[in-house]
Amino acid sequence: MLSARGDTTLPGFTLASSVNPAPSSVACSLPDGGYVTFDGQLVQRWNGDGTLDTTLASFASFVFPSFIRLTPDEDAVVIGDSGGFSPNPAGDLRIVWLDGSGSGLVAALAYNFDGEFLPDGSLLVSAAPNGFGVGTDLYRVNISSGALQFLGHLDGPSGPVAVARNGDIFYGTQQDSSLPTTPQSILRWSAGLVASGTQLSASNAVVYATGFAGTSALEFEPGRERLFLSENNFTTGSYRILRIRAGGGSSQQLLVADNWISTLRFERQGDGTFDAYQPDDGLSIAYTTTDFFSFDDLVRFSPARPELALSGTGLVGPGPVVFSLSGGVPNGSALLTYCPQSAMLPQEASYALPVFLLRTPFALPATVRMPFLVPTDATGAASLTLWNPGDLQGEFGWQFLVGRPNGALIGASDAEQF
């Protein structure tokens, strides 16, 4: 994989890019690490390495893909199209079974934009069924019967939706072409208000966060209920991924891209969290970026674990051993730990510490911390030299913990032994 063109992230994360195997598609992740795409004509299942597994459905004529979501039972996906050509030029919702047994119409819903499942298994959809320029409607869709329940109306182009575990609904307003620099917001309606049958509108929503240059996608991080947003604005040239906090002022900019960002989704391969300096085999964000004519790339945005390297004549006999850390916190700190090799586990274990997930092969009761911190430089690198009197070979494993300048630890390197 290549680095992601000009896209940049905060320290502690990494980007890897490849050609999108399904250009101009929407996508959703699967529990096995694969994903499913819908490009407006083909619904295809892909393995995690980007190789094609199978084509699940093929439609006779092209439509404009709007979204794709894995059903709560994880046995099918629901796809939305925002219209195309005959037989339904305005848009449909369809279900496609992951076992390859076929597809079926859920409901006709013109110019649908985004969908997300509610806790009761129904599908929340944002759409503009009355045409462009007359606002956005929110619907609850029963995917078994196709029944549509009108939930509310909002002004402006249709935006993305997200649903919290408790059933609260979140909606991201989009830029109106007539007001290209107006700040946009994330609106929230409580689950209780939704259940009451009250028509949802901007007037009874809580402004959860504001000050954005357009919200093209909203996604909750699996397990931790943190809200992420992708921002696209042709006028300002702003293409970003942010972690949102209530109020918006403290929202954290995680990534800046050179081009349009779409299909923001989480992928899980292990138990790691989406935080800086964590292992990259845990939770990642996948997104596509394109300039709409010369490239369409699939990018994986992952935590970057610091790395420990050992060198020096002391590795094989008396002499210095240099412990070199790379990828730590810029202008931060590092703490060297060690553990007898006899107490090391055959595989790394994970420990949910209050601030970060520690991945280590060390048995914690046998782990010793050095009584001092080592400063890291502007690149997050650090070096510590210890003297081996000649009897340390085969005795210990070594691992750096990395932290902020005040010594608050937020991650860990890999472990090495000699």
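**Exercise 1.** Locate Leu364 among the strands, and decide whether Leu364 is buried, partly exposed or exposed.

*Solution.* Leu364 lies in the loop that joins strand S30 (357-362) to strand S31 (368-369); strands are DSSP runs of E with at least two residues, numbered from the N terminus. The model is predicted, so local features need pLDDT of at least 70, side-chain atom pairs count only at pLDDT 80 or more, and totals for chains, interfaces and linings use all residues. Residues are numbered from 1 along each chain as its sequence is written, and side-chain values use heavy atoms, leaving out hydrogens and water. Next, apply the cut-offs: buried is under 20% relative accessible area, exposed is over 50%, and partly exposed is in between (1.4 Å probe, protein chains only). Leu364 has 37% relative accessibility and therefore counts as partly exposed. Finally, Met344 is 20 residues from Leu364 in sequence, with 9.3 Å between their C-alpha atoms.

**Exercise 2.** Which residues of the largest nonpolar core touch the most other members?

*Solution.* A nonpolar core is a set of buried Ala, Val, Leu, Ile, Met, Phe, Trp, Tyr and Cys residues joined through side-chain atoms within 4.5 Å. The largest has 43 residues, and Phe274, Ile285, Tyr287 and Phe301 touch the most other members. Strand S34 (residues 396-403) gives the most to this core, 5 residues. A second, separate core has 16 residues, including Val26, Cys28, Val63 and Ile79.

**Exercise 3.** What share of the protein is buried?

*Solution.* The protein has 418 residues, and 52% of them are buried. Its C-alpha trace spans about 80 × 45 × 45 Å along the principal axes.

How values were computed
Helices (H or I, at least four residues) and strands (E, at least two) are DSSP runs, numbered from the N terminus.
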